[in-house]
Amino acid sequence: MKNIINKGTLAILLATGVFLLNSNCTNLTNGLSTDPVNLTNPSVIDPSKYMSGAQVVLIGIFEGDQARQAGMWSGYFSGEDRQYLGLSNYVTSGQDYDVEWVSIYTSLFKNTQLLKQNAAPSNNFVSVGIAQVMEAMSIGLAADMWGDVPYSQITRYPAVSTPKFDNQATVYASAQALLDSAIANLASTGSAPGDFMLGGSKSAWTAVAHTVKARLYLHVRDYANAITQAGLGIASVSGNLMATHGNAYLQTFNLYYSFTTYDRSGYMSANSFAPKLLDASQPGSRNNAKTDETARLNYIYYPGSGLNFAPQAGTYEPNVLVDFDWGNPANMNGFFGATTSFPLVTFQENQLILAESYMKQAAPDPTSALNALNTLRAYYATGAHVNSGYAAAYSYNYQPYVPADFAPAGIDNNGTDTQNQALLREILEERYVTLIGQIEGWTDMRRTGNFINIPLPTGKTDYPRRGLYSQ
């Protein structure tokens with residue numbers, strides 16, 4: 001990590017130099033900035049800036065502080081130093097949620113409201129629709145994370161300076177109505193300048209909207225509607241909504257990389273449940289005669305540490321390898337590498353919504369559930385679920401399951417589950433490892449009653465059921 005320490009030191013020196021320069025040379029700029037344009041007037045700013053601005057905020061909401069905290073609580077990561085030791089043991093306060101709250105209620109909704117104001121007069125319904133999808137994703141997350149939250153009055157400031165808290169169920173219903181409106185708008189006229197996520201594709205955003213609807217229906221256990229919406233959702237990985245990243249620190253880095261490698265090196269590792277579940281050498285791993293997770297383990301995690309920590313057998317770190325910092329080939333960049341795109345709404349999640357919902361509807365349908373699961377496994381069997389270097393260097397195997405695999409003596413039954421319970425357990429385990437690093441992992445833990453038995457911190461008998469309200 002010597003190169004990174006040097007970069008941090010250089011940044012501090014440069015910042016100090018700029019401060020001294022500015023403090024001694026303020027007179028040089030006096031009188032030069034006299035442009036009277038009112039930058040608070042949205043009409044003077046190109047609408048594409050609101051689109052890209054909202055998407056940057058969306059990335060922060062789903063990939064930032066709460067993703068890391070939820071990841072520790074759901075066994076994806078471990079707190080190793082400073083406040084992360086406390087956070088991993090459920091020691092938290094309102095200030096830990098300030099960034100998420102402000103990002104949703106100030107940054108995201110401010111950008112989307114201005115985007116809609118600019119787009120509506122020109123009948124640009126596509127931009128309006130995309131803005132609504134982002135709003136629904138964010139307010140749905142807020143309802144899931146906090147319960148009752150403000151929504152119905154949040155755009156009425158300053159007439160309403162303290163918006164009321166709406167019932168959680170009402171907010172979920174409002175998010176669904178917002179997505180219905182988004183789907184209708186996406187079927188109309190317009191374009192989406194500034195959309196760096198899906199290039200303004202009406203069909204791609206429509207599919208995302210349906211998958212988000214399915215996600216939110218799954219949250220409230222409305223399995224029939226979840227199946228319907230997932231059937232209209234993202235049909236292949238080419239339609240995934242991904243947070244794209246680049247190689248500029250404080251600008252385009254993957255946020256996990258920025259935190260673990262540049263900002264707070266050593267605070268968070270991954271000596272936790274998820275990597276052990278993927279590691280065939282560990283007791284209770286999910287590997288079996290039809291499943292080999294070695295490539296996925298090494299792509300997502302770094303077994304034995306040795307990146308931010310001294311190498312030690314049986315330990316793990318998030319895989320932050322990236323070519324421009326670590327000197328490895330680009331096709332060996334890790335899941336948490338600086339330039340690696342991060343999943344927000346995906347085909348993989350969509351298939352697993354189908355699989356779980358088929359098993360949990362009033363009359364379980366294991367045949368349809370298994371078909372949905374095997375469709376996903378067929379994609380994994382191509383090796384495309386990891387960077388190409390990992391597919392070449394490490395073994396992987398995802399043969400299709402058959403019903404007998406989940407029978408009491410089957411290869412994917414713990415010996416005590418019924419056949420349907422074993423299939424459901426496999427589906428929820430697959431959701432768990434597919435959603436590594438995402439807030440949905442903690443959501444699954446709560447709504448399923450920790451069905452897959454994620455271990456809790458020493459001395460804990462329960463796990464957090466919602467976040468605290470921001471201070």
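This is a predicted model: local features need pLDDT of at least 70, side-chain atom pairs count only at pLDDT 80 or more; totals for chains, interfaces and linings use all residues.
# Reading loops, helices and contacts

Trainee: Where is R221 found, and what is its phi?

Mentor: The general idea comes first: most residues other than glycine have a negative phi, and most peptide bonds are trans. In this structure R221 is found in the loop between α8 and α9 (223-231), and its phi is near 65 degrees, a positive value in a residue other than glycine. L250 has its place in the loop between β4 (241-243) and α10 (255-263), and because its relative accessibility is 67%, L250 counts as exposed.

Trainee: Which residues does a cis peptide bond join?

Mentor: A cis peptide bond joins Y157 and P158, with omega at about 10 degrees. P158 belongs to the loop between β2 (149-150) and β3 (165-166).

Trainee: How should I read the packing of two helices, and at what angle do α15 and α17 pack?

Mentor: Two packed helices are described by the angle between their axes and the distance between the axes. Here helix α15 (residues 366-380) and α17 pack at an angle of about 35 degrees, while their axes are 11 Å apart, and the crossing of the pair is left-handed. On the α15 side the residues that meet α17 are P366, A369, L370, L373, L376, R377 and Y380, and on the α17 side they find N420, L423, E426, I427, E430 and T434. Sorted by class, this contact has eight nonpolar, two polar and three charged residues.

Trainee: How many residues does α17 have, and how many of them are buried?

Mentor: Helix α17 (residues 419-434) has 16 residues, and from its first C-alpha to its last it reaches 22 Å, close to the 22 Å expected at 1.5 Å a residue. The helix is mostly covered, with 13 of its 16 residues buried.

Trainee: Is L435 buried or exposed, and what does L435 touch?

Mentor: L435 sits in the loop between α17 and α18 (440-447). Its relative accessible area is 2%, so L435 is buried. Not counting residues up to four places away in sequence, L435 touches Y76, E349, E440, G441 and D444. Sequence distance and spatial distance can also be compared here, for L435 and Q348 are 87 residues apart in sequence, yet their C-alpha atoms are 8.9 Å apart in space.

Trainee: What does α18 pack against?

Mentor: To read a covered helix, one can look at its buried residues and then at the elements they meet. In α18, eight of its eight residues are buried, and these buried residues pack against α3 (65-73), α6 (125-146), α8 (202-219), α14 (347-360) and α17. Just after α18, G449 takes a positive phi of about 65 degrees.

Trainee: Which residue's side chain is joined to that of D144 by a polar contact?

Mentor: The partner is T443, and the polar contact between the two side chains is 2.7 Å. D144 has its place in helix α6, whereas T443 is one of the buried residues of α18. D144 counts as buried because its relative accessible area is 10%, which is under the 20% limit. Leaving aside neighbours within four places in sequence, D144 is in contact with Q168, Y172, H219, T443 and R446.

Trainee: Where is N288 placed, and with which side chain does it make a polar contact?

Mentor: N288 is placed in the loop between α11 (273-278) and β6 (291-292), and its side chain makes a polar contact of 3.0 Å with the side chain of Y401. A polar atom of the N288 side chain also lies 3.0 Å from the backbone nitrogen of T291. With 18% relative accessibility, N288 counts as buried, and beyond residues up to four places away in sequence it touches Y401, I411 and D412.

Trainee: How far apart are the C-alpha atoms of D323 and N333?

Mentor: They are separated by 6.4 Å, although the two residues are ten residues apart along the chain. D323 lies in helix α13 (residues 323-326) and counts as partly exposed at 30% relative accessibility. Apart from residues up to four places away in sequence, D323 touches N328, P329, A330 and N333.

How values were computed: Residues are numbered from 1 along each chain as its sequence is written. Side-chain values use heavy atoms; hydrogens and water are left out. Helices (H or I, at least four residues) and strands (E, at least two) are DSSP runs, numbered from the N terminus. The expected span of a helix is 1.5 Å times one less than its number of residues. Buried means under 20% relative accessible area, exposed over 50%, partly exposed in between (1.4 Å probe, protein chains only). A polar contact is a pair of N or O atoms within 3.5 Å; within protein, one must be able to donate a hydrogen and the other to accept it, and residues adjacent in sequence count only if both atoms are side-chain atoms. Contact means heavy atoms within 4.5 Å. Axes are lines fitted to C-alpha atoms, for helices over the stretch in contact, and angles run from 0 to 180 degrees between N-to-C directions. A crossing is left-handed if the near helix is turned anticlockwise from the far one by less than a right angle, and right-handed if clockwise. Ala, Val, Leu, Ile, Met, Phe, Trp, Tyr, Cys and Pro count as nonpolar, Asp, Glu, Lys and Arg as charged, and the others, Gly among them, as polar.
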